[in-house]
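Here's a quick briefing to read alongside the structure. Have a look at the picture first, then work through the points below.

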Amino acid sequence: MVRLVEPLIPALRRYARMLSKDRSAADDLVQDCLERLFTRWHLRRPDDDLKAWVFTILHNIAVNHFRRASRHGRQIAIDEIDEAQLSFPARQEDAVTHAQVLAAIDRLPDEHRGVFLLIAVEELSYAEAASILDIPIGTVMSRLHRARARLQSLLTDNASPPALRIVR
Amino acid sequence: MSTQVTDEELQAYADNELEAERRLIVARYLADNSDAAKKVAAIVAQTALVRAATAPLRDPAIPQHLRIERLAARAQDRRHSRSGFGGWSSLVAAFVSVFVLGAASGWGLHGIGVGSSGVRPLVEEAADTYVVYEPDRLHPVEISASNRDELNTWVSSRLGRPLSAPDTIGDFNLLGGRVIATSRGPAAMFMYVNGLGKRIVMLVCPLSLHGTAPITDSSPDGLSGVSWSDQGVGYSLVGPIQGKELHDLGQRVRSEMADKA
């Protein structure tokens, strides 16, 4: 189990972090996910896609977490992404910094961001993403398409000032 | 086949999600349609940019608090403070009870003995296993050595720690193995056979998190047996060979397993 699961942890942490926008919560989500793996390991069928299975568990934990958080009034901390965005060095106009890319992904609508992260970042297939998010593959494709279009417009729209964010 | 190509299909092409036949059609379409080709190029470029930007967030170092073994230990602490046994998996339960009972019996601290908790010495469990499976000519093992990866994955997942059976112990070759039930919880049994058809058995079982004990000889049920533990894992070799010979084999396996760990 250690040998199979530990290699996935870096990707799980990245996914949780980009999905939650909240770095401190992300590792808690991953930890919950790993603990849940213990209790479900025996339910796994040998031919199951392990990566998709683990991401499904993480995604469900994250969604439940956000649902609870929104009931209690969501807290948004100033994270590194925003700081980076405020302080990126002057560059040629057409160059997009990595910090800007992360900030733009951050501004995608939640349901588009999940699909986008799984496929564009974590390199899962459409079918795996559909299974993880429990949505039809056609919905995966349309959300992905809209996420990419939105991202493109955010990235080419560099002239506009960074969006204001509510803090606390 | 329609040559009408939608934006989502262009996207699927960029993501390499199209079946071969349709992929070919889209590729031909792109050759004649520069607008569509630009869309595909934009998706590919955006994906490359996003992967470059997100790569640093994939930190290969795993912090201590997310290590599987650490979490298993934490689960044990929490369970220790709970009254019931409900809610926990067989895996964690087995891992935990092995630890608690192992600690109670003093295994790993005072060598091998029967503790007040009634845990049996590992070498006796190994001898029992030998007596049951050694005479079996049809199914002495559940997974044979030809599928050793599957065997190693299985026992690792049931024992909650990475484990791989040595291919050979002296002139004994791995025949295969299985997970067996012991008073300590699940254990891995590996069976080996030499050129004369003589069989020996190695039992591997988690004990406590950090227990280590030297090699101890015994002779259960008229067989020769040796046991030791390293970093919380107990090992026992049992077979119908001279005690001295088995002791040497045990030493060899021990250093081999330690090198791998």
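Chain B is built from eight helices and eight strands. Keep in mind that you're looking at a predicted model. Chain A, on the other hand, has nine helices and zero strands.

**Chain A**
- Of the 168 residues in chain A, 36% are buried.
- Take the contacts in chain A between residues at least 6 apart in sequence: 64% of them link residues at least 24 apart.

**Chain B**
- There are 261 residues in chain B, and 34% of them are buried.
- For contacts in chain B between residues at least 6 apart in sequence, 54% join partners that are at least 24 apart.

**Helix α7 of chain B**
- This helix covers residues 148-159, which gives it 12 residues.
- From first C-alpha to last, helix α7 of chain B reaches 16 Å, close to the 16 Å expected at 1.5 Å a residue.
- Which residues of α7(B) are buried? They are B:Leu151, B:Val155, B:Ser157, B:Arg158 and B:Leu159.
- And what covers those buried residues? The cover includes four strands of chain B: β1 (143-144), β3 (172-182), β4 (185-193) and β5 (199-206).
- Just after α7(B) comes B:Gly160, with a positive phi of about 70 degrees.

Definitions and conventions:
Residues are numbered from 1 along each chain as its sequence is written. Chains are lettered from A and ligands numbered from 1 in the order in which they are written. This is a predicted model: local features need pLDDT of at least 70, side-chain atom pairs count only at pLDDT 80 or more; totals for chains, interfaces and linings use all residues. Helices (H or I, at least four residues) and strands (E, at least two) are DSSP runs, numbered from the N terminus. The expected span of a helix is 1.5 Å times one less than its number of residues. A residue is buried if 20 or more other C-beta atoms lie within 10 Å of its own, exposed if 12 or fewer, and partly exposed in between; C-beta atoms are placed from the backbone. Two residues are in contact if their C-beta atoms, placed from the backbone, lie within 7 Å.
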